[in-house]
Amino acid sequence: QVQLVESGGDSVQAGGALRLSCTTSAYTTAYSMAWFRQVPGKEREGVAAISAASGRTYYADSVKGRFTISRDNVRNTLFLQMNSLKPEDTAMYYCAALWSNGAFEDGWHRPDGFAYWGQGTQVTVSS
């Protein structure tokens, strides 16, 4: 069983920055991983992902140029650097690991393709 623990969520003003971390309990270098977010009443949304095989990164259009996903394989930690935050970025942010639903580059944004999830960290951006 792989455990994922997110941290780094906070309340910030628009234009600010945060860095989220996701620490895993296992050796996850071989796992493709992603960040999702969700607000009450809406579906979980894929924000950014990183392929274990290629190291290639993927982003939702809404965060391109503002968010950066990266990983530290030595420390088994996934990061999400979020800059130029907007009120619409307010959500619970989750990390996910172990993709198993077809081509990653086509489906990374689908939450049903990931086997492991953290419990989330809250990001609140005020205007």
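## Overall dimensions

The radius of gyration is taken here over C-alpha atoms, and the value for a globule follows the rule of 2.2 Å times the number of residues to the power 0.38. For the 127 residues of this protein, that rule puts a compact globule near 14 Å; the protein has 13 Å, which agrees. The model is predicted.

Taken along the principal axes, the C-alpha atoms fill a box of roughly 40 × 30 × 25 Å. The accessible surface comes to about 6500 Å², and carbon and sulfur atoms account for 45% of that surface. Of the 127 residues, 44% are buried. Among contacts with a separation of 6 or more, 58% are between residues 24 or more positions apart.

## Secondary structure

The protein has 11 strands and 1 helix. Along the sequence, the elements follow the pattern β-β-β-β-β-β-β-β-β-α-β-β.

## The four-stranded sheet

An open sheet is formed by 4 strands in the order β1-β3-β8-β7, with antiparallel pairing. Strands β1 (4-7) and β7 (67-72) stand at the edges; each has a single partner strand, so one side of each is left without a neighbour in the sheet. From one strand to the next, the twist averages 15°.

Strands of a sheet pair through backbone hydrogen bonds, in either a parallel or an antiparallel sense. The pairing of β7 with strand β8 (residues 77-82) is antiparallel and runs over 6 bridges. Within this part of the sheet, D72 stands opposite T77 in β8.

## The disulfide

The protein contains 1 disulfide. The bond joins C22 and C95, whose sulfur atoms lie 1.9 Å apart; the cut-off for a disulfide is 2.5 Å, so the pair qualifies. The link connects distant parts of the chain: C22 belongs to strand β3 (residues 18-24) and C95 to strand β9 (residues 91-99), and the two cysteines are 73 residues apart. Strand β3 also takes part in the open sheet, placed between β1 and β8 in the strand order.

The link of C22 and C95 is right-handed, with 45° about the S-S bond. Are the two cysteines buried or exposed? Residues under 20% relative accessible area count as buried. C22 has a relative accessible area of 0% and is therefore buried; C95, also at 0%, counts as buried too.

Terms used: Residues numbered from 1 in each chain as written. Predicted model: local features only at pLDDT ≥ 70, side-chain atom pairs only at ≥ 80, totals over all residues. Heavy atoms only, no water. Buried < 20%, exposed > 50% of the residue type's maximum accessible area, 1.4 Å probe, protein only. Pairing = 2+ DSSP bridges. Axes fitted to C-alpha atoms, helices over the stretch in contact; angles between N-to-C directions. Contact = heavy atoms within 4.5 Å. Areas by Shrake-Rupley, 256 points an atom, 1.4 Å probe, with all protein chains shown as cover.
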